[in-house]
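Morning, everyone. Here is the structure I want to walk through. Please have a look at it before I start.

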Amino acid sequence: MEKQITTILKVLTLAERLKFELRHSFTSSGRQESVAEHTWRMSLMAVLIEPLLTKKIDTARLLKMIIIHDLVEAEARDVSALDVLRNPGIKIQKIERERQAIGNLRAALTDTNGQEIYDLFYEFENKETYESKVANALDKLEVQLQHNHADFSTWEEIEYDMSYMMDRHVSFDETLVELKRQIEEAAEQKMRSAGVDTDLVRQRVINSPIKS
């Protein structure tokens with residue numbers, strides 16, 4: 001027991017980095033958000049949306065998946081989806097760093113639930129189970145929701161396009177489709193208020209081979 005608790009405290013010390021590991025997104029107060037903040041609101045989204053989902057879901061498993069998935073970024077660091085879109089080669093490096101990080105976590109927690117954490121990470125990554133599809137959808141939707149809260153001056157032009165790239169992540173569940181619709185609509189209104197031709201952006205996305 002003593003050894004197991006010691007190991008858990010070491011992992012929690014590592015996880016503390018997520019409180020200051022910054023993401024590309026900005027908050028409505030004008031500062032960059034942390035990975036921990038993104039994970040927290042994804043978890044809240046899961047709790048709030050769970051009663052409306054079209055299928056019964058293992059909520060505990062979903063929350064574990066959400067909480068665990070970005071834990072690797074304490075070691076591997078966060079890589080912006082924008083950077084991956086601009087340079088797809090970065091994704092290979094990201095996958096390798098995360099593979100090493102989740103392997104290290106499994107090894108560190110061998111005497112407790114290291115294998116479960118490892119399996120949940122890859123369940124999220126593979127997006128084959130209902131819970132993992134919901135987790136992935138909420139991940140994408142929370143990012144856009146945060147962009148909607150941020151001052152428009154923090155948006156890059158590529159983010160105009162990304163506002164319309166969420167369909168394929170939510171199409172399996174009508175509740176998530178509606179959530180996506182309202183978040184997308186808010187993004188569109190924000191762009192229009194800033195003078196962006198959203199019809200042109202939509203057409204550009206339709207014609208683009210690049211998807212988020």
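**Pocket, rings and a hairpin**

Start with the lining of the second largest pocket: 12 nonpolar residues, 3 polar and 4 charged.

Ground rules next. This is a predicted model, where local features need pLDDT of at least 70, side-chain atom pairs need pLDDT 80 or more, and totals for chains, interfaces and linings take in all residues. Numbering runs from 1 along each chain as its sequence is written, and side-chain values use heavy atoms, with hydrogens and water left out.

Back to the pocket. The second largest pocket holds about 470 Å³ of space. It has 19 lining residues, and L12, A15, I67, I68 and L71 are the closest to its centre. Helices α1 (2–15), α2 (35–49), α3 (59–69) and α7 (114–126) each give two or more residues to the lining. A pocket here is an open set of points on a 1 Å grid where a 1.4 Å probe fits, with protein on both sides within 12 Å along at least five of seven lines; lining residues have an atom within 4 Å of a point. Helices are DSSP runs of H or I, at least four residues, and strands are runs of E, at least two.

Now the rings. The whole structure has 6 aromatic pairs. Centres must lie within 6.5 Å; planes under 30 degrees apart are stacked, over 60 edge-to-face, the rest tilted. F121 and Y122 have ring centres 5.0 Å apart and planes at 90 degrees, so they are edge-to-face. F121 is buried at 2% relative accessible area, while Y122 is partly exposed at 24%. The cut-offs: buried is under 20%, exposed over 50%, partly exposed in between, with a 1.4 Å probe and protein chains only. Ring pairs link Y118, F121 and Y122 into a cluster.

Which charge lies over the face of Y118? R106 does, 3.7 Å from the ring centre. The test is NZ of Lys or CZ of Arg within 6 Å of the ring centre and within 35 degrees of the ring normal. K55 lies over the face of Y130, at 4.8 Å.

Last, the hairpin. Strands β1 (residues 22–26) and β2 (residues 32–34) pair antiparallel over 2 bridges; pairing takes at least two DSSP bridges. F26 has Q32 as its bridge partner. Between the strands are 5 residues, and G30 takes a positive phi near 100 degrees.

Key: Points joined across faces, edges and corners; volume = space filled by probe spheres on them. Nonpolar A, V, L, I, M, F, W, Y, C, P; charged D, E, K, R; others polar.
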